Each structure stands twice: as C-alpha cells, then as structure tokens.
Amino acid sequence: MKTKYAPAERSSDESVQISNLSLESIPYLNDIFCSLSYIFCILNENRQIVFTNDILMKTLEIENVSQVLGKRFGEAINCHFAKDEDGGCGTSEHCRYCGSINTILQSQKTELRTTSECRIRRMIDGVENFLDVEVTATPFLHESFKYTIFSLVDITDRKRRAIIEKIFFHDILNVASGLKGFFELFDSIDEEEQQGFIEMGSSLCQQIIDEIGTQRLLTQAENHELVVNRKTIDCHSFINHIASDLQFLEVARGKNIVVSEFQDQVSFESDPILLRRVLNNMVKNALEASTSGQTVTIAVTKMDQKLKFSVHNTKFIPRNIEMQVFMRSFSTKGTQRGLGTYSMKILGEQHLGGIVDFTTSETDGTTFFIIL
C-alpha cells in the first residue's frame, strides 16, 4: 500500500470563490499585489489558491483567474508529481521532500513567516522544465479565517551562476594546478616514465576542456539553442574510450573502471558528444559514490531495436535522496553542485530522445542507464 504524505481536505469550488470575493473586498488589494514583480498567492487552510496576482497567470499563460482558483500550487503550475495520487498536490511520496509544501506546512504549524529554497520539476507541453526558487509562506487571519500569503522568487539564474563560479574557481583551478605540478615534475623523471606522464597530462587537459564544454552544452540546452549532430558510432570503441579517459580522474584513484564484455560489433546513430557527456556524468557519479578498491562497471545491452548503456556501482541510494536525484541543483556533495544527474536527464531525454533513469537497492547497488 502506498503511503500518502501531507494530506489535506479540499474545499469546494463555491467556498473558494466566497473566500476570494471576501479578500478582494479589501481596498487596493488587487492593485498592490499585482504591482509585485514575483509570483504571489493567498492560500486557504487546505493550501488552495484563493487569490493570485497576474505574474502567476502570465507565467502559466492563462487569461482567467478561475483556471487556478481552488487548485493547490503544484497543480496550478503543472508539477511533475501533482497527479501521482488522486489527492493531487501534497499527497505523493515525492511531495514529502518538496520545499514548497514543507514551507507552507511549517508556517501553518508555527504561525510564523517561513522561507526556504525549493526545486520544481514541471511539465510544459509534455517537456520537463526545472526551476530553482525561493518560497516564503506567511500566515495571516482575515475575518476569522486562516490564510497563508505565499510568494515565489525564481533564483534559477543565481543558482546557475554560483555553480559555474564553483566549477571555474575550484574544480578547474584544481585540475590546472595538477597540470602545473605535472610539468614541474616532467623533466626530473626517467624517459621510460615520461610516456605515462604524457598520458596523464593529456587527460588533465581533457578534463578542463570537458568541464567547460559541459557547461556550454547545458546552457545551450536550457536556452533551446543546442543542435544535435547525429553520427554513426562504433559502440565498442566508444565505451572503451570513455573508460580509458576517465581512469585518470582524481576521483578514480584506487578504483576500477571495467567495461562489461559484449560479443556483437554494434554501430548506432546518435550525437557522440552529447552521449559522452551523459555517460561521463554517470561514471563520475558512480566513482564518487565508490570507495577505494571498488569497481564501476560500464555495460551495453541490446533491447529489441534499442541499446541500453548502463553504469553500475555497489552503493545504495537512500530513499530520501532517490526521490530528488534528477532535480536541478540537488546534490549530496554540498552546495553549489547538482548539475550532474540533471544534465543527464536534459541531454539524454530532451535532446537525444532516450530514456534516462536508475535503479537502486541494498543488495544490487545502483545502476544509472540511458536507453536509445
């Protein structure tokens, strides 16, 4: 039996309308709230919208406020999980970890203003759209009825900038420092060792190029400017090159990257640059989850007329993390991270036309995969 979270009674449309008319009777209320540059709503005790400003209507591209009155916020903005259960927004397991719902419930419980960050995964014309937002819930009493003032500010650009700054000022700087150290040591080593050092130096350079290239691709994808260039790819050499290149990563030290054997020589059509980015992120995540001596396995299997590329590691993902894996900016590795699994989803599904997902269990570990 499925567990339902944050249950709440739903008022009838008639009661919502009455509450809305009562609120609108406050002088200048509509003019004041519609002058705000961010989304602003008033919710009743059951988290239903009884008033909103025109920013929400413009965001949703609707003309009549009646299209959102009586809906909970997740239902109004087409949250990916709002229809998972018959009870709507707030009743699926994913809702247990929703910053928006938890902020509202905390405000109602404490009767205090509450603010938090929230990741929203919504559907627009059948395509997933991801947002980072800051939500604030403030309780107030009007004519003996309890309401919540709920506002939402889009902080997607701010989060993106922080992540990019972290990548350039920390990650790439670390790799560049390693490259500098490599050159300082190169003249002092034997000729026999120099070839291995050259390979390491080349790998460090490639890591810098990959980091910058990944961010450029993701920005293009989010701005709908990314062009997909499909080519014929030899499956065997493609996967082996990925494993070979990533073995020099710092995070791969002391760990094994293994390519599972497959008999057939398979060629397929896809964009090699985008697919490489997706698989690179899968392997890097697997390496970060693994400890010294453990193995990350890359495999390719046929599924009817499709190919399944998978990356496996032995670690299990706890349920609370599993529910948030593909959210933009969500990371278990600290702040200013969280584009790895998100980019897999965006590039792998919206641009390569595949299916990106994962399985995890305490007995079998975790496997991320893309089906093309």
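Analyst: A salt bridge here is a side-chain nitrogen of Lys or Arg within 4 Å of a carboxyl oxygen of Asp or Glu. This is a predicted model, in which local features need pLDDT of at least 70 and side-chain atom pairs count only at pLDDT 80 or more, while totals for chains, interfaces and linings use all residues. Residues are numbered from 1 along each chain as its sequence is written, and side-chain values use heavy atoms, with hydrogens and water left out.

The structure holds eight salt bridges, and one of them joins the side chains of Glu117 and Arg158, with N and O 3.8 Å apart. Glu117 belongs to strand S3 (residues 114–124) and Arg158 to helix H6 (residues 156–186), so this pair ties together parts that lie 41 residues apart in sequence; helices (H or I, at least four residues) and strands (E, at least two) are DSSP runs, numbered from the N terminus. Glu117 is partly exposed, because its relative accessible area is 42%, and Arg158 also counts as partly exposed, at 40%. Buried means under 20% relative accessible area, exposed means over 50%, and partly exposed lies in between (1.4 Å probe, protein chains only).

Another salt bridge links Asp54 and Lys58, with 3.9 Å from N to O, and both residues sit in helix H3 (residues 54–60), four residues apart, which is about one turn of the helix. Asp54 is partly exposed, at 25% relative accessibility, whereas Lys58, at 58%, counts as exposed. Within helix H11 (residues 340–351), Lys345 and Glu349 are likewise four residues apart, about one turn, and their salt bridge brings the closest N and O atoms to 3.1 Å. Here Lys345 is buried, because its relative accessible area is 8%, while Glu349 is partly exposed, at 24%. Salt bridges can also be linked into a network, as they are for Glu93, Arg319 and Glu322.

The strands pair in another way, and two strands count as paired if DSSP finds at least two bridges between them. Strand S7 (residues 256–259) runs parallel to strand S9 (residues 295–303), and four bridges connect them, with Val258 having Thr297 in S9 as its bridge partner.

From S10, six bridges reach S12 in the antiparallel sense, and Lys308 has Ile371 in S12 as its bridge partner. Strand S11 (residues 355–361) is also antiparallel to S12, over seven bridges, and Ile355 too is partnered with Ile371 in S12.

How many residues of S12 are buried? Seven of the seven residues of S12 (residues 365–371) are buried, so this strand is largely enclosed by the rest of the structure. In a regular strand the side chains alternate between the two faces of the sheet. Both faces of S12 are covered, with Gly365, Thr367, Phe369 and Ile371 buried on one side and Thr366, Phe368 and Ile370 buried on the other.
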